[in-house]
Amino acid sequence: MKHLSPPSQLVLRQQLRLEDEPLLVVNAPDAELAQLLPVVSCWQWHAGYSEQWQRQAPDILHHFGASAPQAGSAKAVLVWIPKEKQLTLYVLEALRHVLPEGATIWLVGDNRGGIKSIHKQFPNTVAPAQKVAVGNHSLLLRTCVNQHADSFAVDDHFVYVDLDQPNQPTPLKLASLPGVFAFPSIDAGSAMLLQHLPVWQRGKVLDFACGHGVLGAWLNRQTPALEITYLDVSALALQATERTLELNALTGTCIASDGLSDTLGQFDYVISHPPFHTGLATDYEIGKQFLRSVYQHLHTHGELWLVANRFLPWPELIEQAFGHCDRVAEDNKFAVYHATKLPASKTHTKRR
């Protein structure tokens, strides 16, 4: 089981502690655990994790979304804590609605991910955390529900920000949720990309790793004729995007996916600030896979526009896929890149 994440390895070392009660697992990356622990249901907001669990554990209850599922026959919960502390607190609040008073909540996480200090921020609605086990550079904690919550509404956890947009009579209104990239506003890289994106008059646009939808919504306000598709791995991000669109009287298609699927279709423009982390770990494979695939999802003469940290090897990968890569702008941290899908003969000439 060395291929499992370190927190999952620690959980298995403490397996006997967890066998007394059927479990709801939350944000669990390793679907093999369904055969090793008394798992009866799972809650995922990561589309890739959700797909893995549905494939490997088809007989349990599955829920993908921003809100917690009903507990069903689960009597305790095991949570892999996310790196964002606000999201951990959000999850605890959601679980108070689906668990009775006194129900056990186990929390496991990487030592670098904030689990050592998260208990200091616990509300009094859950019990003080007990340290149960340490190992595999991870920590296992136990708490329980002090106060059951009669209801939980995702709407109560949105944070709203206004973003000034030139040539628009009102600011762009952004809605965000804990755990969404750049919560609650916009990061410096995406802000740089917005300064350099052209104003397209028509066409189909894919906002890849859309977060709360700032890039696509910005473009759509400039040009209502654009057809925008928003894609993200996170259910929380997509729910935030839907609220951003609603606030700005925009429409769009939202897709939950851990990458560019073969069925996605083709676009005239793809815009992105692609991620390079999976949880805490640096994961270049996300961006590499995106750049390998995005060429096939563009029409001829279609354009890729992205922003990324300057240290990332994206220019070389863009050039491999497109035959060229233009560096449009840069500062001491970020760079904006652009490439066009040329007709096949011209692409071949460029690559030589």
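## Terms and the lining of the cavity

In this report, Ala, Val, Leu, Ile, Met, Phe, Trp, Tyr, Cys and Pro count as nonpolar, Asp, Glu, Lys and Arg count as charged, and the others, Gly among them, count as polar. On that basis, the lining of the largest cavity comprises seven nonpolar, four polar and two charged residues. The structure described here is a predicted model.

The count comes to one cavity of 30 Å³ or more. The largest cavity has a volume of about 90 Å³. It is lined by 13 residues, of which Phe181, Ser190, Ala209, Cys210 and Val214 are the closest to its centre.

## Helix H3 and its surroundings

Helix H3 covers residues 85-98 and has 14 residues. From its first C-alpha to its last, helix H3 reaches 21 Å, which is close to the 20 Å expected at 1.5 Å a residue.

The buried residues of H3 are Leu87, Thr88, Tyr90, Val91, Leu92, Ala94, Leu95, Arg96 and Val98. An α-helix has 3.6 residues a turn, so residues three or four places apart point the same way. The buried residues of H3 pack against several strands, namely E1 (23-26), E2 (39-44), E4 (76-80) and E5 (104-110). They also pack against helix H4 (115-118) and helix H7 (235-247).

## Salt bridges

Side chains of opposite charge can pair when their charged atoms come close. The structure holds seven salt bridges. One of the pairs is Asp162 with Lys173, whose closest N and O atoms are 3.6 Å apart. Asp162 belongs to strand E8 (residues 159-163) and Lys173 to strand E9 (residues 172-176), so this pair ties together parts that are 11 residues apart in sequence. Asp162 counts as partly exposed because its relative accessibility is 49%. Lys173 likewise counts as partly exposed, at 33% relative accessibility.

A salt bridge also joins the side chains of Glu330 and Arg310, at 3.4 Å from N to O. This pair links distant parts of the chain, 20 residues apart: Glu330 is in strand E17 (residues 326-330), whereas Arg310 is in the loop between strand E16 (298-309) and helix H9 (314-322). Glu330 is partly exposed, with 43% relative accessibility, and Arg310 is partly exposed at 41%. The side chain of Glu330 meets that of Arg327 in a salt bridge as well, again at 3.4 Å from N to O. Arg327 is partly exposed, with a relative accessible area of 44%. Elsewhere, Asp155, Arg243 and Glu246 are linked in a network of salt bridges.

## The setting of Ser272

Ser272 lies in strand E13 (residues 267-272). Is Ser272 buried or exposed? Ser272 is buried, because its relative accessible area is 0%.

Which residues is Ser272 in contact with, leaving aside its neighbours within four places in sequence? The contacts of Ser272 are Leu193, Phe208, Ala209, Leu215, Phe290, Trp305, Leu306 and Val307. One of these residues, Ala209, is also among the lining residues closest to the centre of the largest cavity. Ser272 and Ala321 are 49 residues apart in sequence, and their C-alpha atoms are 16 Å apart in space.

How values were computed:
Residues numbered from 1 in each chain as written. Predicted model: local features only at pLDDT ≥ 70, side-chain atom pairs only at ≥ 80, totals over all residues. Heavy atoms only, no water. Helix = DSSP H or I, 4+ residues; strand = E, 2+ residues; numbered from the N terminus. Expected span 1.5 Å × (residues − 1). Buried < 20%, exposed > 50% of the residue type's maximum accessible area, 1.4 Å probe, protein only. Contact = heavy atoms within 4.5 Å. Salt bridge = Lys/Arg side-chain N within 4 Å of Asp/Glu carboxyl O. 1 Å grid on protein atoms, 1.4 Å probe; cavity = no way out; pocket = protein on both sides within 12 Å on 5 of 7 lines; lining within 4 Å. Points joined across faces, edges and corners; volume = space filled by probe spheres on them.
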